Each structure stands twice: as structure tokens, then as C-alpha cells.
Amino acid sequence: MSIVLNVVTQNASWIMSDGLVIDKNRKKVKGNFQKYTIIHDHLIIGYTGTTEVATTIIERTKDHFKNIEPTVEECFNFIEPLATCFRDHGYTIQVLVTGISETGNYATFSVNKDGEVSHHFPSKKEYSTSVLLPDLYISEKDEPDLTKYMLEKATHESDMDALVRKSMNHMLVDVSKISDSVNLKVFYHKITLQNDQKVLHV
């Protein structure tokens, strides 16, 4: 598995992934594979795990919502049973959905490789973080925490865009040092309620 990182506020959401795909023998298949898909201007799906499963889920989701722009809730409620079905058949899949919610603000829903679901509805002037991590084979208390990276860098960085990008990038680099399923090919995207899209491929 690889890594997908997300920071969400009520009116903006940032997502970052690496680009590495490896096979079951942990051999490199691709080095520049983006781990998220933009469904519409205000909704993004991030994913890690078995690439073929993620691709199938994305294609089914696109087909299901072909003529509408779903909310986070609608999209996640369609995806989560699919992820459960694939997991029950022995596949590894983690999914994160971020963007416009039924409240009119942004939110992030996710499900990890163990089927644990998280919902993040940030309150006004605050942010929430979500991460799809690879297996790091370290204790849970030692796992990198994106919120801690944000808090550490907040003392030196007042611009939110710069703070988010630097924090995400720092954590991605650190995870790449302890996981052979993460590389340093970075994909980054921002969506906002003002439809001010920003795409950076580094």
C-alpha cells in the first residue's frame, strides 16, 4: 500500500499522494501513479491498496454518479460496501472521500484496511486530518501523525496553503524512509467552495 494524506476545513480540502505501485513481490510496477481521482469540482476520492480493486471502485463510482454531482455522504455510502466486499474476498483496500457534504461545508469520510470508518466534519476556523497509511510494522503510538506535523510547522508558517503542503510533504518523506511502498513522486490537489482549484505535480 501507499500513502494518501488529507487536510480539510469547512471550505477547503487538500489531498496528497505518492506515486509508487508495487506488485505482490514488492517489485516496482509504476512510479508515477496518482492515488486519487477528482469526481467533480468539489469531490475527490483517495485510495491505497490493491490497484486493480481501487480502479474498479472508481470506475463503478463514476458510472453510478454519471449524471449527478454526489456529496461526500452519497459517494462514501456507495463506495464503503464495495470496499467491504473486496476486503471480505481477501483484497486490501483503503478509501478516503473528501469534499462537499450535505451540510454545505466540506468533510472527509474514510475507511481503512480493517474496515474502520471515520467521519471528519471540521468546525469553523479549524481543520481535520486524515491519512491512509501503508503497513509500517511499528507500534500505533509511533505511527506518524499529520496533525502533529501541522502543529509543529504552524509556529513558523501562517499561510494555510503553505502549512498544509509542507506538513503533508514532510510526513510523506518520513513515511517513505520506513516503507518500501512509498516513493517521493508527489501529487497534490486543492479544492475550495470558491471553486479555486489548484493542481501541483512535483
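1. A cavity here is a set of points, on a 1 Å grid over the protein atoms alone, where a 1.4 Å probe fits but cannot get out, and its lining residues are those with an atom within 4 Å of a point. The model is predicted, with local features needing pLDDT of at least 70 and side-chain atom pairs counted only at pLDDT 80 or more, while totals for chains, interfaces and linings use all residues. Residues are numbered from 1 along each chain as its sequence is written, and side-chain values use heavy atoms, with hydrogens and water left out.

2. The structure holds one cavity of 30 Å³ or more, and the volume of the largest cavity is about 30 Å³, a volume being the space filled by probe spheres set on grid points that are joined across faces, edges and corners.

3. The residues lining the largest cavity are I45, Y47, A54, I57, I58, I93 and V95. By class the lining has seven nonpolar residues, with no polar and no charged ones (Ala, Val, Leu, Ile, Met, Phe, Trp, Tyr, Cys and Pro count as nonpolar, Asp, Glu, Lys and Arg as charged, and the others, Gly among them, as polar).

4. At least two lining residues come from each of β6 (43-49), α1 (51-64) and β7 (93-100), and α1 gives the largest share, three residues; helices (H or I, at least four residues) and strands (E, at least two) are DSSP runs numbered from the N terminus.

5. Zero disulfides are found in a search of the whole structure, a disulfide being a pair of cysteine sulfur atoms within 2.5 Å. The sulfur of C75 lies 17 Å from the closest cysteine sulfur, that of C85, and is therefore too far away for a bond.

Conventions: 1 Å grid on protein atoms, 1.4 Å probe; cavity = no way out; pocket = protein on both sides within 12 Å on 5 of 7 lines; lining within 4 Å.
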